[in-house]
Amino acid sequence: MTTTDLTRERADLLQSLRRHRGFLLQTVDGLTDEQAATHTTVSELCLGGLVKHVAAMEERWMRFAVGGAEEMQREPVDWVGQFQMAPDETLAGLVERFHTVSSRTDDLIGTLDLDAAHPLPEAPWFEPGAAWTVRRVLLHLIAETSQHAGHADILREAIDGAKTMG
């Protein structure tokens with residue numbers, strides 16, 4: 001979808017999300033699977049795991065945007081494994097999935113009612129009884145993707161000195 005086909009607000013949301021996705025993907029450009037799975041800090045984060053997590057997070061939130069909490073929670077979340085590269089995963093495969101999820105989100109940005117709202121699922125990190133609009137979901141995706149792109153930049157710099165955002 002091109003941004004010229006969208007309202008100004010939708011185009012701004014899409015451009016911002018694409019920009020931060022680009023920052024994240026730039027951090028894995030040219031890496032081997034071994035490098036992408038490397039833990040370069042005391043945390044369990046690795047670059048491949050961040051790409052995997054951001055794709056899964058975006059997919060879950062867009063399921064919420066379309067169908068609410070029930071749709072968001074239809075698949076269980078692997079809270080630990082989502083940040084790791086499993087032995088059978090490749091960076092290329094994770095990036096391909098990331099692009100597939102991104103493309104679906106981009107299409108939805110052009111069609112969903114930004115004012116439509118759904119109650120959030122019950123979780124300790126959500127205010128009880130709160131609801132989010134599709135617009136707020138998209139802002140959350142932008143913030144999460146940006147935050148994880150920053151994490152990824154630190155991890156990449158520890159691997160080979162490359163700086164993607166600075």
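1. Helix 1, residues 8-26, contains 19 residues and spans 26 Å from its first C-alpha to its last, close to the 27 Å expected at 1.5 Å a residue. The expected span is 1.5 Å times one less than the number of residues. Helices (H or I, at least four residues) and strands (E, at least two) are DSSP runs, numbered from the N terminus.

2. The model is predicted: local features need pLDDT of at least 70 and side-chain atom pairs count only at pLDDT 80 or more, whereas totals for chains, interfaces and linings use all residues. Residues are numbered from 1 along each chain as its sequence is written, and side-chain values use heavy atoms, with hydrogens and water left out.

3. Among the buried residues of helix 1 are Arg10, Leu13, Leu14, Leu17, His20 and Phe23. Buried denotes under 20% relative accessible area, exposed over 50%, and partly exposed in between (1.4 Å probe, protein chains only). The cover over the buried residues of helix 1 includes helix 3 (47-72), helix 4 (91-109) and helix 5 (134-160).

4. Glutamate 9 also belongs to helix 1. Glutamate 9 is partly exposed, because its relative accessibility is 34%. Apart from neighbours within four places in sequence, glutamate 9 is in contact with Leu114 and Arg135, contact being heavy atoms within 4.5 Å. Although glutamate 9 and arginine 135 are 126 residues apart along the chain, their C-alpha atoms are separated by 9.6 Å.

5. Tryptophan 125 is located in the loop between strand 1 (117-119) and strand 2 (131-133). Its relative accessible area is 58%, so tryptophan 125 is exposed.
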